[in-house]
Amino acid sequence: MMIEMSVKNDLKIISQEKEYPDPRTLPAQPSWQQPLPHLTLSDLIPGKYVSLTARVVFLKTTQRQDALGTKTIFSGVLEDTSFKTPFVSHRITYPLLRNSVYKFSSAYVHGFEDKSLLLIITEKTKIEPKNIEDYREFVWAPKIESINRPVRYVNLQGVITTVHSNSGLVKRCNNCKSILYDSCPNCKEGQGWNWDLRVSCRLYDGSGSIKMILTKDLASRVLQRNLSELILLANGSAYSGAKSQSQFQFQTSACKMKVPNIEVIEAVCENASPSSFRKNGKLIVTNGINLVFFPTNEGHTFNFKDFNRRELHTSDPEDKKIIKRLIEKALEISIKKVTGNRMMHGIFLLEDPIPLYRCEKAKLFLGFSARANLNENELQIDFTPQAYIRESVLNYVNLRRERGASSSAISKNLMTYRNRVVVAPSGNYGSISEIIMRKAGNQKVSETDTRNLVEFWKQIYDIDISRMKFLF
Ligand SMILES: [Zn+2]
């Protein structure tokens with residue numbers, strides 16, 4: 001879950017050019033006899049004259065207007081090992097050099113309302129160049145705990161511990177740019193709004209934590225989706241059909257049809273567990289024990305010794321189960337033909353699972369579910385758009401294991417905090433009630449299916465679990 005990113009500009013938006021105070025309004029400069037505290041940049045005291053030694057990180061010449069006309073000043077940023085602070089210099093007769101270190105004696109510390117500081121080098125401030133062998137002694141490696149004032153252009157590295165619920169697509173007022181729900185709290189109606197994307201979260205770096213807002217560009221990079229894609233998703237699923245905004249829900253489409261009695265071929269099969277026929281892509285289902293059923297027009301490559309034609313009746317409870325399975329299988333085959341995508345966790349994917357946050361194994365699954373309900377001879381199929389984030393139990397176990405968790409710690413977590421699961425491949429909800437630690441190669445699938453679990457997973461899901469020691 002490590003995330004490394006520049007939060008340049010995102011810690012707090014600080015206006016580019018703040019008004020610096022008129023030099024005439026500064027308190028009188030203390031006399032040279034009076035000793036001044038020599039401070040680091042993190043200890044500067046607003047409203048005081050101080051002495052300090054710092055490196056010039058950035059420097060430019062700016063023109064300012066005052067009562068006598070245009071005036072040239074230097075402005076830039078100073079840094080030491082403790083912090084960085086912007087400065088202006090009225091001593092233009094003393095040219096400063098970038099990446100050089102100077103001792104400034106009697107410079108004024110101006111504090112703004114937002115608690116940010118500006119160091120003012122007056123005409124009388126004494127500047128001495130310092131010969132520093134290694135200017136890295138004057139580089140600040142920012143840690144969250146050391147940021148106690150607003151500061152610009154900071155790179156932090158840490159872990160995102162919380163993502164606040166007001167993250168994602170938000171509506172922003174066109175006029176005042178504040179986030180709005182129904183209407184803007186600041187403006188008269190009719191100013192309009194636009195979609196914006198943000199992630200509001202907390203960043204923790206070992207020293208402390210800080211609120212972090214990822215604005216549109218960074219949020220898009222983290223989510224690997226741009227704003228328009230997200231709006232499209234929101235419009236295509238959750239947003240359309242929602243009657244009010246508090247009612248963001250997926251809308252289910254239902255389709256109904258009468259089911260006639262179906263003529264099928266019923267064949268005897270020694271090993272007819274449902275999983276044996278899942279992956280063959282043919283319209284063939286089993287009763288889970290010893291019989292398979294397929295339509296009379298379905299070509300098949302199996303060699304069944306014993307088979308006969310018969311009609312399945314919707315009025316017969318056992319036949320009804322088979323009819324339902326045939327319908328579900330037919331649906332699955334034809335949907336896959338159209339989408340070209342797999343069915344995972346019980347949903348038909350409309351695109352490949354989308355990795356999230358780059359660092360986690362969790363993925364976003366987008367698609368829809370199709371549930372068939374058969375009542376008497378009336379069939380209803382409910383299609384529901386689905387979008388959710390899933391992490392596989394295997395990935396979770398591997399992640400914990402990589403970090404050194406013991407088997408009992410993993411078991412405990414799987415039985416408590418992580419016990420709610422979606423069972424592959426049906427998509428049914430389940431709960432982990434017992435963990436058997438045994439070699440999967442020694443575990444039989446069931447009484448009727450004598451394959452061991454390694455063979456079963458390989459054949460059915462094409463997943464190699466031979467190196468796993470966990471069963472769920
Ligand atoms: Zn507004």
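The following questions and answers walk through a predicted model of one protein chain.

Reader: How many helices and strands are in the protein chain?
Author: Residues are numbered from 1 along each chain as its sequence is written. Because the model is predicted, local features need pLDDT of at least 70 and side-chain atom pairs count only at pLDDT 80 or more, while totals for chains, interfaces and linings use all residues. Helices (H or I, at least four residues) and strands (E, at least two) are DSSP runs, numbered from the N terminus. Counted in this way, the protein chain has six helices and 26 strands.

Reader: What percentage of the residues in the protein chain is buried?
Author: A residue is buried if 20 or more other C-beta atoms lie within 10 Å of its own, exposed if 12 or fewer, and partly exposed in between, with C-beta atoms placed from the backbone. Among the 472 residues in the protein chain, the buried share is 17%.

Reader: Is strand 6 mostly covered or uncovered?
Author: Strand 6 spans residues 117-121, and five of its five residues are buried. On one side these are Leu117, Leu119 and Ile121, and on the other they are Leu118 and Ile120, so that both faces are covered. Strand 6 is therefore described as mostly covered.

Reader: Which strand pairs with strand 6 in the parallel sense?
Author: Strands of a sheet pair through backbone hydrogen bonds, either parallel or antiparallel. Two strands are taken to pair if DSSP finds at least two bridges between them. Strand 5 (residues 101-111) runs antiparallel to strand 6 and is joined to it by four bridges, with valine 109 standing opposite leucine 119. The parallel pairing, over three bridges, is with strand 4 (residues 84-89).

Reader: Which residue in the turn between strand 5 and strand 6 has a positive phi?
Author: Strand 5 and strand 6 form a hairpin, with five residues between them. The residue in this turn with a positive phi, of about 75°, is lysine 115.

Reader: Which residues does isoleucine 121 touch?
Author: Two residues are in contact if their C-beta atoms, placed from the backbone, lie within 7 Å. In the pairing of strands, isoleucine 121 of strand 6 has serine 89 opposite. Not counting residues up to four places away in sequence, isoleucine 121 touches Phe87, Val88, Ser89, His90, Arg91, Phe104 and Ala107.

Reader: Which residue stands opposite valine 285?
Author: Strand 15 and strand 16 (residues 291-295) run antiparallel and are joined by two bridges. Within strand 16, the residue opposite valine 285 is phenylalanine 293.

Reader: Which residues of helix 3 are buried?
Author: Helix 3 (residues 317-339) has 23 residues and reaches 33 Å from its first C-alpha to its last, close to the 33 Å expected at 1.5 Å a residue; the expected span is 1.5 Å times one less than the number of residues. An α-helix has 3.6 residues a turn, so residues three or four places apart point the same way. The buried residues of helix 3 are Ile322, Ile323, Leu326 and Ile327.

Reader: Which residue in the turn between strand 11 and strand 12 has a positive phi?
Author: Strand 11 (residues 193-204) is joined antiparallel to strand 8 by four bridges and to strand 9 by six bridges. Six bridges also join strand 11 to strand 12 (residues 209-214), again antiparallel, and arginine 202 stands opposite lysine 211 there. Strand 11 and strand 12 form a hairpin with four residues between them, and the turn residue whose phi is positive, about 95°, is glycine 206.
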